[in-house]
Amino acid sequence: MPASDATTLLQTRFAAPALQYLRADDNLRVTTYNALASVIVTVRARVLTADGTIEDVNDTQTPNTDRTAKTSITRTSAGWLLGGQVFVSSAAPLIGQTYVVVEIVRGESTAAIALQVLASGYVTSKQPLPFPMPMPESSLDGPGALRSIAGTTPAAGAEISETVPTGARWELLAFAALLTTAVAAANRIVQLTLDDGAAVYGRFSNQQNQAASLAWNYSWGEGLPLLNSGGLLVVHGTLPVNNGLGSGHRIRTSTTAIQAADQWSAVQYLVREFLEGA
Amino acid sequence: MRVKCNACGGVYDDVLPDGLQYFHRCPPLSVAELKQAISDGRLQLPPAHQALVDAATSYDAANPPKPDQAPRLEQVLATFVVERKGARNENVVAPTARDQPAAIAAEGAGVTTLDASATPAVPVLRG
């Protein structure tokens with residue numbers, strides 16, 4: 001719509017019907033960061049054109065599943081953006097698994113110029129993201145997604161190593177694994193270590209000697225005391241409260257005197273996951 | 001799909017029950033693997049690490065550990081982070097531009113697909 005039409009419409013009314021006026025070359029851009037398979041997000045909006053018509057906008061996008069950004073541009077008519085929403089129309093991600101940013105951009109190519117953020121936040125099939133929203137949410141806001149993860153079972157004589165995926169941030173709430181020691185005599189002492197992908201920044205020892213031919217369950221948790229419950233063969237260790245692990249950081253065991261036939265197994269851990277995007 | 005890493009022998013599912021992809025990265029060498037690699041001559045430690053190993057070895061010779069103590073050498077080796085040859089890292093490299101395809105960090109020695117019903121290594125007491 002030519003600028004004169006908008007001016008004319010404004011002159012015949014008390015106020016603009018919405019704060020966001022879209023030029024003919026302005027469009028909506030939806031950027032998603034997602035971790036779950038089979039998710040489809042739908043964007044819908046209403047635009048009031050100069051002739052008084054309300055036009056519907058309706059588009060979908062299939063986000064990537066590796067937490068990398070996926071963008072799509074939805075063409076809109078010139079007029080006032082009355083409002084809209086983004087919602088999940090396929091699959092059932094949790095809060096913390098599908099993060100959406102909605103912007104007004106000028107142009108419709110990958111080089112479109114971002115002009116204004118209309119909304120950002122997590123979406124689910126039950127919780128749409130309305131726009132425009134007064135206070136966009138960071139992907140690190142909110143409760144995150146609770147995930148119970150089965151890790152890699154290492155080969156005999158090897159250690160456990162779990163990595164925070166690219167584009168994610170974790171809080172490690174609990175970590176459990178079973179160490180079955182071989183017949184070779186030695187006292188194994190287990191540490192859980194945290195590193196940034198190379199350099200270790202935290203070591204959390206259970207301070208117990210595990211002798212040969214035993215199967216002990218090791219369990220670390222935020223706020224847990226150090227404890228060896230003897231007959232139950234359970235060893236507790238503690239983790240820092242409100243810890244944060246960035247992309248590429250690792251959670252590893254480091255077992256002093258581990259023998260070639262010792263076996264770590266049953267690796268299971270609980271994290272609170274946020275998307276940082278990549 | 002359950003797979004076995006050809007570099008480290010780890011067994012894992014590439015998609016977890018919650019529907020999210022699992023990104024495997026090989027662990028660094030364990031103390032047992034480090035000792036084996038050093039004794040086989042497959043691993044040359046940096047001079048600073050070698051000095052620590054030499055000192056720990058001398059200490060253990062002069063002060064034999066008690067039955068409930070771990071040798072000093074074991075304790076020193078447990079602090080080393082040495083990545084294995086052919087290590088696999090399935091985590092994606094963040095694309096430098098919007099909407100570029102993401103590649104995995106390192107293919108390494110690849111993986112072998114296991115039977116879907118195959119279970120990870122079952123711990124068995126050896127003795």
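Predicted model: local features only at pLDDT ≥ 70, side-chain atom pairs only at ≥ 80, totals over all residues.
**View 1. The contact between chain A and chain B.** Chain A puts 50 residues into the contact, and chain B puts in 39 residues. On the side of chain A that touches chain B, the strands β5 (69–75), β10 (145–150), β11 (161–163), β12 (168–180), β13 (189–195), β18 (250–256) and β19 (263–275) supply at least two residues each. The most come from β18(A), with four residues. Sorted by class, this side of chain A holds 23 nonpolar, 21 polar and six charged residues.

**View 2. Helix α1 of chain B and its surroundings.** The helix spans residues 31–40 of chain B, and its buried residues are Val31(B), Ala32(B), Glu33(B) and Leu34(B). The buried residues of α1(B) pack against two elements, β18 of chain A and α3 (72–77) of chain B. Gly41(B) follows α1(B) and has a positive phi, near 80 degrees.

**View 3. A four-stranded open sheet in chain A.** The strand order is β5-β2-β7-β8, and the pairing is antiparallel. β5 and β8 (113–122) of chain A are the edge strands, each pairing on one side only. From one strand to the next, the twist averages 20 degrees. Of these strands, β5(A) also supplies at least two residues to the side of chain A that touches chain B.

**View 4. The β2–β7 pair of chain A.** Nine bridges join strand β2 (residues 26–34) and strand β7 (residues 98–106) of chain A in the antiparallel sense. Asp26(A) lies opposite Arg106(A) of β7(A).

Conventions. Residues numbered from 1 in each chain as written. Chains lettered and ligands numbered in written order. Contact = placed C-beta atoms within 7 Å. Nonpolar A, V, L, I, M, F, W, Y, C, P; charged D, E, K, R; others polar. Buried ≥ 20, exposed ≤ 12 C-beta atoms within 10 Å, placed from the backbone. Pairing = 2+ DSSP bridges. Axes fitted to C-alpha atoms, helices over the stretch in contact; angles between N-to-C directions.
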